[in-house]
Amino acid sequence: MRYWIKHRSKNLLPHLKKKGEITVGFFHPYCNAGGGGERVLWTAIRALQNRYPRIQCIVYTGDTEATGSDILQRAKQRFNISIPSTVEFVFLTKRYLVEAEKYPYFTLLGQSLGSMVLGWEALMKYVPDIYIDSMGYAFTLPLFKYLGGCKTVSYVHYPTISTDMLQRVSDRTQSHNNASFISQSPTLSWAKTQYYKMFAYLYGIMGRRSDKVMVNSTWTFNHIQKLWKVADRTYIIYPPCDISEFTKIPLTNCHVQKTIVSIAQFRPEKDHGLQIRSFSKFLKSHSKDKQIYKLLLVGSCRNEGDSTRVKELRDLCTMLNIEDNVEFKLNVSFEELKDLMSTSVIGIHTMWNEHFGIGVVELMAAGTIILAHNSGGPKLDIVTDYNHQKTGYLAEDVDSYSAAMKTIFNLKDEESLVIRQNARLSVERFSEGEFERGFLMVCESLLQKDP
C-alpha cells in the first residue's frame, strides 16, 4: 500500500518534486479562518522559507471558495505576514466531515473519524516528505506516517480531550460540552465517562505517531503528557503574538471613566455571563458613583448562535439592572479596538482552562491591568510574576472577580503603573521571533534529507 501510494504521488504535482528538495505539508483545513491557529501556520511557513529557501511548502485546506492568492492576501491583511516564496494549496472537498454540527452526539469520535477520511483525501492528492498537523487532527497522523512514509510533526493548540473534561463528566458538572440532561443522570454520566476514557485511549495511540510534538502552553503540555506519554519529544513553543501595535499605546493613568474591557468572541466557553455577574456584584458596593464604571464587551459575531448569545447577555444585563453600565461592541475595526484598550483600566478574561490566551497577552501589551481566569495558560504561563513583580490578577468566581475589580480600581497611580509596565515587559516572551526560533529548532533534525 505504501509503495503504491508513494509511486502514485510521483505523478501528482510534479513541479514540486525537484531533486534534493524537501516538501513539507501542513494539514490545516481552515487556513483562511484568520484566527490564532492561522497566525501559527503562516508564521511557521515564513520561518521555514526564510531559513530553507529550497523547501516546498504545501497547505492542505478545505477553503475551496477561495483561491491560493486570496488566502495569502488575507494572511497579509489579517496578520501582516508576507510569505517569501510560493505555497502550493491542495484543496480538499470533504471538510464537512470534520464539522461539529454534523455530529450532535459522539461529536469527538465523529469528527476524529471524519478527519481520517479527510486525511485520506489529502494523502491521495499529494504525499509530502514531512507532514505537519497544525490544527489538532491527531487521527490523521498514522495515515501519513505508515501509509505515506512521512516524518510527522504535531502542533497542538488544545488537546481534543483532556483529563479536566473527564473529571467534569465524572463529577456530573454541567458545562457547555456536558448537557444538563447528562449531568443530572448517574447512568448517562457513567456511560459518557466510559466513552471519554475510550476516546482518550485512542487519542493517545494516534498522538504517539508524531516524531516531534509542539504544544502552545504549559497547560497543554501537562495534558498531552498524560494522554500521549511522549515527554522525550514534546516541546513548549508559545504561539506568536504580534504585540507591536499594542505596545505603542501610551501608559497613562488619566482615565475619567473607570472602564473594564473584555476582548473575546461570543462563544459559550468564553463565559461572558461570569463577567456581567461579577461586575454587577462590584457595582452593588459602588451605588453612589455607579455611573463612572463601565464594562465593554468587545467581540465578533460569527453566526446566528453568537447573535443569540449576545441577546441573552443583553437580557442578563437588563435583569441585573446594569444595562446602562454595559456596552456591546461588535465586529469593531483594529483602530477602534486599540482606542477601547487605551481608555480601559482593566482587561478581563473569564474562560476556564484557556489553553493559552492570546487575548490576555494583547490586553497586557496594551497597558490594561489584566484580570484573568485562574486556570490554564493565563495561570501557568502568562499572568505570572516577572522580575519578581506582579503582572496582573487571577480569579475564578463571582466573588473573587468582583473583589479583584475593587482592588485594582483602588490602586494608587504609581502602583498601577508598576504592574502595567512589568506586564508589558513580560509579554515580549511571546513574540513572533521567539516562536520562529523555537519552531525551527524542533524541526531542524527532520529537515535533514535521508541519505
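User: How is the protein chain divided into domains?

Analyst: In this predicted model, the chain is split into domain 1, made of 1-238 and 432-447, and domain 2, which covers 243-430. The centres of the two domains, taken over C-alpha atoms, are separated by 31 Å.

User: And how many residues does the contact take from each domain?

Analyst: Domain 1 gives 15 residues to the contact and domain 2 gives 14. About 1200 Å² is buried between domain 1 and domain 2, with carbon and sulfur atoms giving 65% of that area.

User: Which residue stands opposite Val24?

Analyst: That is Ile130 in strand 4; strand 1 (residues 23-27) and strand 4 (residues 130-133) pair in the parallel sense over 4 bridges. Helix 17 (residues 432-443) packs on this sheet, touching strands including strand 1, strand 4 and strand 6 (212-215), and the direction of helix 17 makes about 165° with that of strand 6.

User: What about the open sheet of 6 strands, which strands stand at its edges?

Analyst: This sheet has the order 10-9-8-11-12-13, again with parallel pairing. Strand 10 and strand 13 (392-395) stand at the edges, and because each has a single partner strand, one side of each is left without a neighbour in the sheet. The twist from one strand to the next averages 25°.

User: How many bridges join strand 8 to strand 9?

Analyst: There are 6 bridges between these parallel strands, and the partner of Lys258 in strand 9 is Tyr293. Helix 12 (residues 334-342) packs on the sheet, where helix 12 touches strand 8, strand 9 and strand 10, with a direction at about 155° to that of strand 9.

User: Switching to helix 10, is it mostly covered or mostly exposed?

Analyst: Helix 10 is mostly covered, with 10 of its 13 residues buried, among them Leu274, Ile276, Phe279 and Phe282. The buried residues of helix 10 pack against several elements, including strand 8 (258-263), helix 11 (304-319) and helix 15 (398-409).

User: And what span should helix 10 have?

Analyst: At 1.5 Å a residue, the 13 residues of helix 10 (residues 272-284) should span 18 Å, and the end C-alpha atoms are 19 Å apart, which agrees.

Key:
Residues are numbered from 1 along each chain as its sequence is written. This is a predicted model: local features need pLDDT of at least 70, side-chain atom pairs count only at pLDDT 80 or more; totals for chains, interfaces and linings use all residues. Side-chain values use heavy atoms; hydrogens and water are left out. Helices (H or I, at least four residues) and strands (E, at least two) are DSSP runs, numbered from the N terminus. The expected span of a helix is 1.5 Å times one less than its number of residues. Buried means under 20% relative accessible area, exposed over 50%, partly exposed in between (1.4 Å probe, protein chains only). Contact means heavy atoms within 4.5 Å. Two strands pair if DSSP finds at least two bridges between them. Axes are lines fitted to C-alpha atoms, for helices over the stretch in contact, and angles run from 0 to 180 degrees between N-to-C directions. Domain bounds come from an automatic or database domain assignment. Buried area is the accessible area (1.4 Å probe) that two parts lose on being put together, summed over both.
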